[in-house]
Amino acid sequence: MAEKALILLFVALSCRLACTEWADNNRGNGMYHGGYNGNYQGRSGSSGGSYGRFGRPRGIPRSPHERPSYDGTTYSRQTQKKLFATCSMMPDPAAPVLVTGTVRFEQTVSSQNQALSQLQVAVQLRGFETRDNNVDHGMHVHMFGDIRTSCADAGGHYNPTNMTHGSPFSAVRHVGDLGNIFEDGGGQVNTVFMDPVASLVGEFSIFGRGLVVHAGRDDLGLGTGENRTESLKTGNAGARLACCVIAHAADPQI
Ligand SMILES: *[C@@H]1O[C@H](CO)[C@@H](O)[C@H](O)[C@H]1NC(C)=O
Ligand SMILES: *[C@@H]1O[C@H](CO)[C@@H](O)[C@H](O)[C@H]1NC(C)=O
Ligand SMILES: [Cu+2]
Ligand SMILES: [Zn+2]
């Protein structure tokens, strides 16, 4: 008898875990599911505060994300989710080297699509020229994601706030100013960083824009003398080596 009860309890508990996982998986690729109407179901799963057919097993407390609503019978849920974007870098037709690879973006946002974290940028690129003495490469989000003929089609730096060019950590910068990336001895870049301004949500979302990697170092708006004017526009980062379009991506964990 006791054994049977234990087995039932075990089944109930494992169903709770499995059902949660099922619900999470079935959220799947729908990064906009419920995004606008606020009824997105958070990590603990199925609808209406239910644990499925078994109900909430005894002794398992409500998660801190569950709170009674006005009528006390339904529960609001944790309301954050992650957005993912990817960009598959292609060499510019005129570039002397073939820079390829991917840049992935990730950000935690609310169900109302407000940023809850800075933008994470994960860069994996290869093919940089190792025989020159330059290892710094400006990387920016540019205005356009339409780059059918060359990276020049991407237009200027994405600058919806009409500011001058700057460092990622400056108050005065283009939204697209991601600063420099640094190649290793093998002509590769493998790095992850956070950007405090660029975002996957909101009025100035970078989705659908172009991402450009340059041949030279971005002076971050600090150029002087003859270099001043261009420094405030482009950071004197030089030719466009490669570019891509920032696109929606699935959760890489699923
Ligand atoms: C952007 O800023 C420049 C320089 O401050 C100014 O001349 C220009 O009119 C502004 N453009 C818009 C669209 O606000
Ligand atoms: C402008 O940039 C060029 C190329 O990087 C450099 O050689 C030159 O010294 C710079 N001029 C000034 C005034 O900084
Ligand atoms: Cu650029
Ligand atoms: Zn810029």
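User: Before we start, what counts as buried here?
Analyst: Buried means under 20% relative accessible area, computed on the protein chains only. Keep in mind that this is a predicted model.

User: OK, then take isoleucine 246. Buried or exposed?
Analyst: Buried. Its relative accessibility is 1%, so isoleucine 246 falls under the 20% cut-off.

User: Where does isoleucine 246 lie?
Analyst: Isoleucine 246 is in the loop between β10 (240-245) and β11 (247-248).

User: And which residues is isoleucine 246 in contact with, leaving aside neighbours within four places in sequence?
Analyst: The list includes Ala85, Thr86, Cys87, Phe105 and Val141, along with the run Ile206, Phe207, Gly208, Arg209, Gly210 and Leu211. There's also a C-alpha separation of 8.7 Å between isoleucine 246 and valine 103, and those two are 143 residues apart along the chain.

User: Zooming out, how many helices and strands are there in the protein?
Analyst: The protein has 2 helices and 11 strands. In sequence order they run α-β-β-β-β-β-β-β-β-β-α-β-β.

User: What share of the residues is buried?
Analyst: Of the 254 residues in the protein, 43% are buried. As for the surface, the protein exposes about 14,100 Å², with 55% of that supplied by carbon and sulfur atoms. Among contacts with a separation of 6 or more, 66% join residues 24 or more positions apart.

User: Now the copper ion (ligand 3). Which protein donors does that have?
Analyst: His140 through ND1, plus His142 and His214 through NE2, lying 1.9 to 2.0 Å from the copper ion. The spacing in sequence is H-x1-H-x71-H. Histidine 140 is buried at 0% relative accessible area, and histidine 142 is buried at 0% too.

User: What does the side chain of asparagine 134 reach?
Analyst: It reaches the backbone oxygen of aspartate 136 at 2.9 Å. A polar atom of the asparagine 134 side chain also lies 2.8 Å from the backbone oxygen of alanine 215. Not counting residues up to four places away in sequence, asparagine 134 touches Glu129, Glu183, Ala215, Gly216 and Arg217.

User: Last one: which residues are around ligand 2?
Analyst: Thr224, Glu226 and Asn227. An oxygen atom of ligand 2 is 2.4 Å from an N or O atom in the asparagine 227 side chain, and a nitrogen atom of ligand 2 is 3.1 Å from one in the glutamate 226 side chain. Taken alone, ligand 2 exposes 370 Å², and the protein buries 32% of that.

Technical notes:
Residues are numbered from 1 along each chain as its sequence is written. Chains are lettered from A and ligands numbered from 1 in the order in which they are written. This is a predicted model: local features need pLDDT of at least 70, side-chain atom pairs count only at pLDDT 80 or more; totals for chains, interfaces and linings use all residues. Side-chain values use heavy atoms; hydrogens and water are left out. A polar contact is a pair of N or O atoms within 3.5 Å; within protein, one must be able to donate a hydrogen and the other to accept it, and residues adjacent in sequence count only if both atoms are side-chain atoms. Contact means heavy atoms within 4.5 Å. A residue is near a molecule or strand if one of its heavy atoms lies within 4 Å of it. Accessible areas come from the Shrake-Rupley method with a 1.4 Å probe; for residues, only the protein chains shown count as cover. Donors are N, O and S atoms within 2.8 Å of the metal (3.2 Å for Na, K and Ca); water is not among the atoms, so sites may look incomplete. Buried means under 20% relative accessible area, exposed over 50%, partly exposed in between (1.4 Å probe, protein chains only). Helices (H or I, at least four residues) and strands (E, at least two) are DSSP runs, numbered from the N terminus.
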